[in-house]
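Have a look at the model first, and keep it open as you read.

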Amino acid sequence: MLAALWLCAAPSAFAEADRFGLGDGHDGPLAVLAAGTRVNACSSLLTPAGAGTQTITPTDPGPFAAGGLVMLYQATGLTPAPATGVPGPFNLTASAVGRWELARVQSVGGGDLTLTQPLVNTFPSGLAQVFTVPEYTSVSVSPGATLLAPAWDGACGGFLAFLATGAVDNQGELSASAAGLRGGLLVQDAVEPFGCPDPEQPAPLGAQKGESVVSGVFTTLTGFSNLANGGGGGVCHNSGGGGGGHGAAGGQGGRPCGAGSDTGGRGGGALVYPMLSRLAFGWGGGAGHAGDAQGAAGGAGGGAVFVRA
């Protein structure tokens, strides 16, 4: 799936009254000369960060420094969790999923980040991350060079984010392709029967569903029904996984080999959310059913590119 992309020319009132604008340029100019360049470092939150607090505790404080700009973000955790097979769309407007906030670090010490101002929103541990947002004077990306988002690993990642007081000259690529929510993992089926109509077919006859806005169940659910916007996995024999949903529902996976039920993975449902107060990754596709040593894992969704310049 394609990455979500936010390009902003002026500040909006979200975090600490979001007066950061185009940043202060303290990181100087950035010249991207090589493929695979990454500029963002992230950590999950070790403890919850409540609204009104001025101290947050990342799992790894190493990437952060006094004076730096950070973003807090929650990728998953939709409650109440929808049942499998509900087609959607799924509205995130009243949910914490996709919530983000910019903040400046005042100091780093004892494993904590002290911010210059209290947080406006609450970010739960286990579901939210904090990552660095560099502030450049200018950014140039040479032909053939790429500036990439680190891949989401279930705890953090998925964002290419920076500010620039001057111009961004992109002759290469800014990309968060396949940096979002993960696709279902491949499970090999040595039995390979036909006719498995159960939409929640256990593995290995049922392949894994893609990761979705529902947290804590990735790699544990199989079968052709979607889970929220995560695509369903293919079910015997050799059917395809469903695509993840975002702006629209994902496509359905291919039908099984030979005679049998229509057990290709169902596509994940579409998401609805206000794009100035929520950011959402692309969501994972379901794995295909793997028989005859064939089959493939589901594809990862796109991450997000956040740029002000």
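In this predicted model, the protein carries 10 positive and 18 negative side chains, and the centres of these two sets lie 7 Å apart. Side chains of opposite charge can pair when their charged atoms come close.

Start with Arg 104 and Glu 135, whose closest N and O atoms are 2.9 Å apart in their salt bridge. Arg 104 belongs to strand β7 (residues 100-109) and Glu 135 to strand β10 (residues 135-136), so this pair ties together parts that are 31 residues apart in sequence. Are these two partners buried or exposed? Buried means under 20% relative accessible area. Arg 104 has a relative accessible area of 15% and is therefore buried, and Glu 135, at 0%, counts as buried too.

Next comes the salt bridge between Arg 182 and Glu 211, with 2.9 Å between the closest N and O atoms. Here the pair links distant parts of the chain, 29 residues apart, with Arg 182 and Glu 211 each placed in the loop between β15 (173-175) and β16 (271-272). Glu 211 is buried, at a relative accessible area of 7%, whereas Arg 182 is partly exposed, at 26%.

A further salt bridge joins Asp 262 to Arg 255, and its closest N and O atoms are 3.5 Å apart. Asp 262 counts as partly exposed at 30% relative accessibility, while Arg 255 is exposed, with a relative accessible area of 54%.

Now step back to the whole chain. The protein has zero helices and 17 strands. Its radius of gyration is 21 Å, close to the 19 Å that the globule rule gives for 309 residues, so the protein is as compact as a globular protein of that length. Along the principal axes, the C-alpha trace spans about 65 × 45 × 35 Å.

How are the contacts and the surface made up? Among contacts with a separation of 6 or more, 75% come from residues 24 or more positions apart. Of the 309 residues, 50% count as buried. The accessible surface comes to about 11700 Å², and carbon and sulfur atoms account for 58% of that area.

How values were computed:
Residues numbered from 1 in each chain as written. Predicted model: local features only at pLDDT ≥ 70, side-chain atom pairs only at ≥ 80, totals over all residues. Heavy atoms only, no water. Salt bridge = Lys/Arg side-chain N within 4 Å of Asp/Glu carboxyl O. Helix = DSSP H or I, 4+ residues; strand = E, 2+ residues; numbered from the N terminus. Buried < 20%, exposed > 50% of the residue type's maximum accessible area, 1.4 Å probe, protein only. Rg over C-alpha atoms; globule rule 2.2 N^0.38 Å. Contact = heavy atoms within 4.5 Å. Areas by Shrake-Rupley, 256 points an atom, 1.4 Å probe, with all protein chains shown as cover. Lys, Arg positive; Asp, Glu negative; His and termini not counted. Charge placed at Lys NZ, Arg CZ, Asp CG, Glu CD.
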